[in-house]
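Biologist: Could you walk me through this complex, chain by chain? I'll ask, you answer.

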Amino acid sequence: MLKQINRIFTDTLDNEDIVITEATTASDVEEWDSLTHIQLVVAVEKHFKIRFTSREIQSWANVGEMLGCIQGKGV
Amino acid sequence: MKTFTELKKNLKQDFSGFKTIKVAVLGDTSTQLLVQALRGMGYEYKLNLEIWEADFNQVELQVFDPGSALYSFDPHMVVLFQSSHRLLEKFNKMSSADHSGLAEHELNSIQNIYSTLSDTLNAKVIYYNYTEIDDSVFGNFANKTEFSFLFQLRKLNYELMLVAMKCTDLYICDISSLQNQVGKANFFQTSVYINTEMVLSIEILPKVAARTLDLISALQGQLKKCVILDLDNTIWGGIIGDDGFENIQVGTLGIGKAFSEFQYWVKKLKERGIIVAVCSKNTDSVAREPFKKHPDMVLRMEDISVFAANWENKADNIREIRDILNIGFDSMVFLDDNPFERNMVRENIPGIHVPELPEDPADYLEYLYTLNLFETTAFSNEDKERTRLYQVEAQRNTFQKKFTNEDDFLKTLNMSCLVQPFNKFNIPRIAQLSQRSNQFNLRTVRYTEGDIEFLSASENHFTFTFGLEDKFGDNGLICVIVLQKEDGGALFIDTWFMSCRVLKRGMEHFALNTIAEFGKNAGFKTLKGEYIPTAKNEMVKNHYQSLGFGQNENHWELDLGGYKKKHNHITRK
């Protein structure tokens, strides 16, 4: 799943060099700001055919927590 | 349409060859992604939008301060996006006694903004109208009281149209209609709104941008001026040459309603100044007949500026139409139900707009509505007169034929053909084609399923069916030939008919090669053909002659001994 999310990151942020781990946070990726965050969220939603709640979107401290949230939705 | 992520990739493209337009974007919600979408979509429209974006929620601050950054930017266009969500917020904060005055209050403020802008700048103002939010406080009664939000919002949209009529440089960008097309659930995403203050979903950004660019490019004079129509299965159901004048579907016959409504749409376009031309593979007199005589036809000859019905290829005909009308290909829209013709035109006519019409004619209109093809910035009486002017022009010009190198095009099609004798699987289709083929039909012998079963079992007959496939898809069984053994080593072509859909594809050559090779291998010396004229099959009058047959009294003969294969680009499967 991390691989799929990595693909979404490189595609949405248009940077092939991005490599994410569960510990990656927004400050580790140059293009990842509050504006691109919502694009990533929507792209992840579309890819896994899920919806995050508004609270969930604000809650993640790193990629791992986002991953946990996706898995929590039965993916 | 491109996605938002794809539009963002456009931002890295080279815009240097494009016209630069300075656009100021001011909004009361977050507009950063909209700005990216606008610039990215500009690339698709070959426009270099140089965009200045006001800080969040600074519309009035920028407009009413003569020394603001907006005025030093000096834009050609000002895009104003005041959202329904902020409107609702204002409404929520008002005392309920004042609710009935919301629209009027907003309208005054918008007019103030506009007049300040137009006093100071030489710019066009594009104003997004209000997408509907029903707060469901009054239920259906919202329509019966001025105190409901929905009442005020709709009143505001309506009054905005009245204001726009009076203000020459004010243009409404109708995102409300866009929301109606895609549905609110697709237009607006709550989690995006709560987290970013953006009232547009990521998915809708390209469509809002396109709708805005439609206006901007129309204001640059890039307009669609002409719609070119195919006839069979595009403006009526069925094939006029085969089905006959009385059997085409328009009006009450079959799914005629879909085509009637489509024709009404074209008629409205014509009345608003779009030139209507016809480009159809048909015999001219046959194609004109419904326009003159069919009681249910909406479109009539006087609605058509240029009428091109013949058997030449459509790219050549469209070039001819352009020469008569003297307008650019990029201002033309070509509507045709046939994917082959669409691709042929698309590949040969740069710039022309060729929508991918849906398969079901009932979907044509709804699909065309979403494309917003005919944006305009003005409407006058002269527009209504345009058709007549061009008709006169068209009469002066006679159609001269210029041939595109069709051979090169056919090569790219990867056509392949399945040749089979009659069998129990293809008999129903053969019977159907036999009853319906009128134009490309040499002797017009009609066969029932029973006749066909007899032929397939007969020792004196040889049967052939041809199914054609190309890179765009399978055309199905499109040609049938029946050969009959005669004394003296001759093979008589009892039947040869073909669907007109596949004309000019080399199918005649391929079919002749197939039967000539068969005849030769089976020890026959000659092929004999006959043409029996009917009211509808004039197009194959010279069929055998053009295939190299020699005349012998009232039939045609081809010597199989010296037969040389005819050139074509179809391979046998």
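Biologist: In what order do the elements of chain A run from the N terminus on?

Modeller: Ground rules first: this is a predicted model, where local features need pLDDT of at least 70, side-chain atom pairs count only at pLDDT 80 or more, and totals for chains, interfaces and linings use all residues. Residues are numbered from 1 along each chain as its sequence is written, while chains are lettered from A and ligands numbered from 1 in the order in which they are written. Helices (H or I, at least four residues) and strands (E, at least two) are DSSP runs numbered from the N terminus, and chain A has 4 helices and 0 strands. From the N terminus on, that reads α-α-α-α.

Biologist: What share of the residues of chain A count as buried?

Modeller: Buried here is a neighbour count: 20 or more other C-beta atoms within 10 Å of the residue's own, with 12 or fewer for exposed and partly exposed in between, all C-beta atoms being placed from the backbone. The C-alpha trace of chain A spans about 30 × 20 × 20 Å along its principal axes. Of its 75 residues, the buried share is 27%.

Biologist: And what share of the 573 residues in chain B is buried?

Modeller: Chain B has 23 helices and 17 strands. Its C-alpha trace spans about 100 × 50 × 45 Å along the principal axes. Of the 573 residues, buried ones make up 40%.

Biologist: Which element gives the largest share of the side of chain B that touches chain A?

Modeller: A contact means two C-beta atoms, placed from the backbone, within 7 Å, and here it takes 12 residues from chain B and 12 residues from chain A. The elements of chain B giving two or more residues to its side are α1 (4–10), α2 (32–44) and α10. The largest share, 6 residues, comes from α10(B).

Biologist: In what order do the 8 strands of the open sheet in chain B come?

Modeller: Strands pair if DSSP finds at least two bridges between them. The pairing in this sheet is mixed, and the order is β15-β16-β14-β13-β12-β11-β10-β17. Each edge strand pairs on one side only, and these are β15 (550–552) and β17 of chain B.

Biologist: Which residue in β17(B) is the bridge partner of B:Ser416?

Modeller: β10(B) and β17(B) run parallel, joined by 3 bridges. In β17(B), the partner of B:Ser416 is B:Thr571.

Biologist: What angle does α20(B) make with β12(B)?

Modeller: Axes are lines fitted to C-alpha atoms, for helices over the stretch in contact, with angles from 0 to 180 degrees between N-to-C directions. α20(B) packs on the sheet, touching β11, β12 and β13 of chain B, and its direction relative to that of β12(B) is about 80°.

Biologist: Which residue of β14(B) does B:Leu491 stand opposite?

Modeller: β13(B) and β14(B) pair in the parallel sense over 3 bridges. Both faces of β14(B) are covered, with B:Thr526 and B:Lys528 buried on one side and B:Leu527 and B:Gly529 buried on the other. Opposite B:Leu491 stands B:Leu527.

Biologist: How far does helix α22 (residues 507–521) of chain B reach from its first C-alpha to its last?

Modeller: The expected span of a helix is 1.5 Å times one less than its number of residues. Buried residues of α22(B) include B:Phe510, B:Leu512 and B:Ile515, and what covers its buried residues includes β12 (473–486) and β13 (490–498) of chain B. With 15 residues, this helix is close to the 21 Å expected, and its reach is 21 Å.
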